[in-house]
Amino acid sequence: MKIPLKYTIRNLGTRRLTTGITVLGIALVVFVFSAVLMMAYGVQKTLIATGSDENVLVARKAANGEISSIIDRQTANVILTLPHIAKTPEGKPISSGEPVVIINLNKLTGGLSNVTVRGVSQQVFTLRPHVKLKEGRMFNWGSRELITGVAIEKRFAGSKIGEVVRFAGDNWTIVGLFDAGGSGFDSEMWGDADQLLDAFNRSAYSTITFRLDQPEVFQEFKAAFDKEPRLQQFEPKIERRYFEEQSELMAGFISILGIFITVIFSAGSTIGAMITMYAAVANRTVEVGTLRALGFRRRSVLAAFLTESLLLSLIGGLIGLFFASFLQFFTISTLNFGSFSELAFSFALSPTIVSSSLLFALLMGLLGGFLPSVRAARLNIVNALRSS
Amino acid sequence: MEPIIRVQDVSKSYWRDSFEIPVLNNISFEVPSGEFLALMGPSGSGKTTLLNLIAGIDRPDRGTINVAGTDIVALNESRLASWRATHVGFIFQFYNLIPVLTAYENVELPLLLTSLSKRERREHVETALTVVGLKDRMRHYPKQLSGGQEQRVAIARAITTDPTLLVADEPTGDLDKHSADEILTLLERLNLEFKKTIVMVTHDPRAAEKAHIIRHLDKGELQQN
């Protein structure tokens, strides 16, 4: 039979200071741990939301990202002749051949940073219906005008409607502000693809994105694509999957670095929990002797102390997670390794992060509480009773 | 009367550093069922050790101890714990109540080791607290009780499972005269009215007077009556 849980819970309340300090230590570590995971997940979520399951993006096989991919116009035309590409009522393919370049802009907080400028084609809003013009107007096709994502407008000087950005030896007027629903496009500027190619003296797009007439025909489309000898250097991917892969490097880096740091922090908290639990065992030696004399077994004592330690860490974990959850209201930006340009994203919490953070807290409790609990369980009854 | 405790040729030593300190030397005696035995002797004579051996919380180096028909020396640790839960009620000098549990919860503790339902446990606890006269204090924590009351709660905890044997180690050692008298009267009542076999270790001759049998220990040996 177990030692009642109320014994464990009430004992936590008897040592408020040491319990409080231990809980605080665990809460801080869990806060950092979950913040890191929320950051990585935020990047991933932002980039994954950039792509659509209904679109296909074609890039050069050897390219690590859109920046390093090149698709000449002839190849783009070959691709658009393949079957299953959705068309407008007028019979035009719903596609966008896109040159992607990077420019430097001054951040409002000081210093220069990279910003992605994407050249788009006329079907872009049909292709990406989640992108909406929020203020101003759409740029005029054939002119040196840009529309800018909401995250860029908030963070970069000279990126408001009416202001002029200078790059590729020309002035580009910002005429509109678009909202891409928190996706990576919010951190971009968009202009006429042909104007961009002309300004940068290029003849090739970076990527081409188009819609399939039915999303489930992708494998069929890919088979046709792979059979075409002129397309052997290129690879089609579902757009969402493409951006998901782009997020992996960045999210992986944040996760690994963050987890490495928090694991080091957690050693401190685990030792803290261990000291608290050793003190608990020392203070309650007579109680342990009494419980054992009454007939409670070693494993009941072990379970009671281990539960106490786990409860301690669970409370710390819940507190850390509670405060970390407020990070969801913050948006930060960092250099995305995939695109080499600034990416704004929000911290994002997921059920997996909640469970991993609580498991991490419980692991600290388990490691910190195990040895003291074993000591309590192994106490000799007579010696324990004598310590009164 | 049939003996409920049979101790035969029991010896026990402790080791301190590399020195063996003999505590009990070839002890043999019997306690009939329903008896009230007082073990007396100077400090270090081995009386508490003998009590611990009879109660199954310590093991002899040699000899056998049979309590209520069970050779408790032969039991493994787990079975011995179950045996204690069923057969032994403990009364300690410093009461050893769990401070974070109420009087009711302290008395209920040994019952958690039985298969009784919650309702049955409540009946047992209330009966035990009524016997010791503290039913009205069952929601109180130990720190809200006097020393005498704490010891009465400890006695209620000891009798709540209706054990075969009550073992009391200096039960009045931490109490004033008035409280000590109350406790001794209660023990006497448990023995006479409820037919409980009691083995009590004491220094106090007044306490020993309540017992039917007094055995003296000296230097680990049981003195002849």
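Glu98(A) lies in strand E3 (residues 95-98) of chain A; strands are DSSP E runs of at least two residues, helices H or I runs of at least four, both numbered from the N terminus. The model is predicted: local features need pLDDT of at least 70, side-chain atom pairs count only at pLDDT 80 or more, and totals for chains, interfaces and linings use all residues. Residues are numbered from 1 along each chain as its sequence is written, chains are lettered from A in the order in which they are written, and side-chain values use heavy atoms, without hydrogens and water.

Is Glu98(A) buried or exposed? Glu98(A) counts as buried because its relative accessibility is 0%; buried means under 20% relative accessible area, with a 1.4 Å probe and protein chains only. The side chain of Ser96(A) is in polar contact with that of Glu98(A) at 2.8 Å. 

Now the interface. Contact (heavy atoms within 4.5 Å) links 23 residues of chain A with 28 residues of chain B. The rule finds four salt bridges across this interface. In a salt bridge, a side-chain nitrogen of Lys or Arg is within 4 Å of a carboxyl oxygen of Asp or Glu. Arg298(A) and Glu77(B) meet in a salt bridge at 2.4 Å, N to O.

Last, the core. Leu129(B) and Ile155(B) are among the residues that touch the most other members of the largest nonpolar core, which has 38 residues. Such a core is a set of buried Ala, Val, Leu, Ile, Met, Phe, Trp, Tyr and Cys residues joined through side-chain atoms within 4.5 Å.

Conventions. Buried < 20%, exposed > 50% of the residue type's maximum accessible area, 1.4 Å probe, protein only. Polar contact = N/O pair within 3.5 Å; in protein donor to acceptor, adjacent residues only side chain to side chain.
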